[in-house]
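Here is a short briefing on how one protein chain packs. Look at the structure first, then work through the points below.

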Amino acid sequence: MNTLGTSGVRVSGLGFGAAVIGNLFTEVGDEQAHEAVTVAWQSGIRYFDTAPHYGLGLSERRLGEALREHPRADYTLSTKVGRRLEPSGDGGDDLADGFAVPATHRRVWDFSADGVRRTLESSLERLGLDHVDVVYLHDPDEHAEEAFREGYPALEKLRSEGVVGAIGAGMNQAEMLARFVRETDVDVVLCAGRYTLLDQSALTELLPAAVARGVSVVIGGAFNSGLLADPRPGVTYNYAQASGDVLDRALRMREAAERHGISLRAAALAFCAAHPAVASVLVGARSAAEVQDAADQFATPVPPAFWRELRDTGLLTTEEPS
């Protein structure tokens, strides 16, 4: 278990990303979602991350129900603010936003102080909990002014009141997260897709700043939305079809991994986890089998010779993990 900054909040090295049990891209049944969380628990995962955005609250409801079987003090749970859900009578589905659920609500961007509190209160109701451990400002890319002026101070107040244990921001970019690390007193940032075997842009500013400031980093998107899990033509890279060049790199990495007796999935997870700023690596899984595989891969030692081969062949240009 690792501590988030100086907050005292602890997370397991491997975390469960609950977007997929909010029906990300395709439908997941209630029983299948419950089994995924159950196997996550059995495999030692004690950090679970969700958000109102994930399936218009479905992820929070399912995660809260599954975790109700376990003592509240035994796990860490994070959710997010910035997208407030309002009832909608428009009908249809939510696939345009990536989730196979009925469009019963609409998302309203809201990083105001009032919006932060209202969104968190609604999340607690869906989760069936009286508190969460970590709250992130969720994707404030186009709302930086409001997020820094109102959203962050609101989270800081909630932390000072003891309502939450740790606060931060979660994004698919590294630059603004580096600003949060430098200019605020966040405990943790969640960086998705920007520190992987294929994209190390978080090394430019974010990770060095986090080490210098004692801020923890949680890594999401370790497989870059699929390519590093199963490289093949047509697979997605950062939620779009992978280009020929990046697919070729991933295939060459997989061949190297196989030569060293490991999977590319194991290497991808090990790479993310090895940086000193990283406290946890989130993996999304839509079934018990996928969760068990993630846990097995995370526990697989990666031989130093594999990293040396990637460096020698130019497939990895950063320092290899130790």
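In α7, the buried residues are Val246, Leu247, Ala250, Met253, Ala256 and Ala257. Buried means under 20% relative accessible area, exposed over 50%, and partly exposed in between (1.4 Å probe, protein chains only). This is a predicted model: local features need pLDDT of at least 70, side-chain atom pairs count only at pLDDT 80 or more, and totals for chains, interfaces and linings use all residues. Residues are numbered from 1 along each chain as its sequence is written, and side-chain values use heavy atoms, leaving out hydrogens and water.

*Helices*
- Helices (H or I, at least four residues) and strands (E, at least two) are DSSP runs, numbered from the N terminus.
- The buried residues of α7 pack against β14 (236–237), α8 and α10 (304–312); contact means heavy atoms within 4.5 Å.
- Just after α7, Gly261 has a positive phi of about 75 degrees.
- In helix α5 (residues 175–183), Met176, Leu177, Ala178, Phe180 and Val181 are buried.
- Their cover includes β11 (166–171) and α6 (206–213).

*Nonpolar cores*
- A nonpolar core is a set of buried Ala, Val, Leu, Ile, Met, Phe, Trp, Tyr and Cys residues joined through side-chain atoms within 4.5 Å.
- The largest has 103 residues, and Phe16, Phe48 and Leu197 touch the most other members.
- Helix α4 gives this core its largest share, seven residues.
- Another core, of 12 residues, lies apart from it and includes Val9 and Tyr136.

*An exposed loop residue*
- Pro276 sits in the loop between α8 (264–274) and β16 (278–284).
- Pro276 counts as exposed because its relative accessibility is 70%.
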